[in-house]
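I opened a new structure today and kept notes as I went. Here is what I looked up, in the order I got to it.

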Amino acid sequence: MIFMVTLAAALLLLGRAETYVVDRARQVVTDLAAPLLELASRPVSAARRVVESTDQYAYVFDENERLREENARLLAWKEAALKLEAKVARFEALLNVQVDPSISYVTGRVVGDSGGPFVETIIANVGSTQGVESGQAVIDSDGLIGRIVATGSEASRILLLTDLNSRVPVVVEPSQTRAVLAGDNSIWPRLEFLPALASVSAGDRVVTSGDGGLLPPGLPIGALVEADDGFLRVQTFSDRSRLDMIRVLQYEFPREIDAQDAPAALQPLASDAQSETPSASAPAAAPTTEGGT
């Protein structure tokens, strides 16, 4: 202890006395110790880099998981957007068929095909809850496909134009020839009750006539084609294999007609009134005189 104190005091005194010598000695010691310090610091630097790399790996892993979850959400949104886009396109396609604006309608979707070799019907997901009733016309994006024949609270059965029991009064344009479109379970229903001298030809457009008041007039159905069996048939605009979105037309036949009261007395025509009026140029009858001269 005494030695150390003595050495420190001696060095202190030496440092004050010989500053240049002490500084030079310190520099020499520093130069000698620098490589050793650098060598000794390498493991510490390596350990620090390992720790930093581990933190970066952990951050990258967390970031990767976050990006995966975000990508999954974006894919779900993309799928939903594509479905909405397709749905909007189907709704827009439904508007291709022009319907009287005064006719309200219910939009639904075909959810089942109960048809078979002898029945041509489909099921839609709209029913009496939405105001659907039997007899109402059903159209898709191309034209008339049939009419409602049975309704439940949330679903309805649609009798297609091709069904054997389907009968629809139609008009063939442009000749305005009236006929009945009858289904026979074939893909092309045929025209019946067509006048013998009707001026119709293949390619003529067939629309509903509105006769009977069940279906609104003017709904497009299809085009006239000549079949090998001798019947004039109609190739419908709508394709059964692509039926999806449909509209049920809630058409009300105008049954109330304003009555026109008959006049209380018939008014004579102007010509009759003039013929009955004595002419101003006709001579007046001579007055009769009593006892004459």
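Where is the place of Leu 215? I found Leu 215 in the loop between strand E9 (205-208) and strand E10 (220-226). Helices (H or I, at least four residues) and strands (E, at least two) are DSSP runs here, numbered from the N terminus.

Before going on, I noted the ground rules. This is a predicted model, where local features need pLDDT of at least 70 and side-chain atom pairs count only at pLDDT 80 or more, while totals for chains, interfaces and linings use all residues. Residues are numbered from 1 along each chain as its sequence is written, and side-chain values use heavy atoms, with hydrogens and water left out.

**Leu 215**

Is Leu 215 buried or exposed? I read a relative accessible area of 7%, so Leu 215 is buried (buried means under 20% relative accessible area, exposed over 50%, partly exposed in between, with a 1.4 Å probe and protein chains only). I then listed what Leu 215 touches, leaving out residues up to four places away in sequence: Gly 135, Ala 137, Leu 144, Val 168, Thr 208, Gly 210 and Tyr 251. A contact here means heavy atoms within 4.5 Å. Gly 135 is 80 residues from Leu 215 in sequence, yet their C-alpha atoms are 7.9 Å apart in space.

**The strands around the loop**

Two strands count as paired if DSSP finds at least two bridges between them. E9 and E10 run antiparallel, joined by three bridges, and Arg 205 faces Ala 223 in E10. On another pairing of E9, strand E6 (residues 167-173) is antiparallel to E9 over four bridges, with Val 172 opposite Val 206.

E10 also pairs with E11, antiparallel, over five bridges. In that pair I saw Leu 224 opposite Val 234. E10 and E11 make a hairpin with five residues between them, and Gly 230 in the turn has a positive phi of about 95°.

**The barrel**

Which strands close into a barrel? I traced six, in the order E1-E2-E5-E4-E3-E12, with antiparallel pairing. Neighbouring strands of this sheet are turned by 45° against each other on average, direction ignored. One join I checked is E2 (residues 121-124) to E5 (residues 156-160), held by four bridges, where Thr 121 has Leu 159 as its partner.

Helix H2 (residues 19-94) lies across E1 (104-112), E3 (137-139) and E12 (245-250), at about 40° to E12. For such angles, axes are lines fitted to C-alpha atoms, for helices over the stretch in contact, and the angles run from 0 to 180 degrees between N-to-C directions.

**Pockets**

Next I looked for open space. A pocket, on a 1 Å grid over the protein atoms alone, is an open set of points where a 1.4 Å probe fits, with protein on both sides within 12 Å along at least five of seven lines; lining residues have an atom within 4 Å of a point.

The largest pocket holds about 260 Å³. Its lining has 16 residues, with Thr 162, Ile 187, Thr 236, Ser 238 and Arg 240 closest to the centre. Strands E4 (144-151) and E11 (232-236) each give two or more residues to that lining.

The second largest pocket holds about 180 Å³. Of its 14 lining residues, Gln 136, Gly 213, Leu 214, Tyr 251 and Glu 252 lie nearest the centre.

Definitions and conventions:
Points joined across faces, edges and corners; volume = space filled by probe spheres on them.
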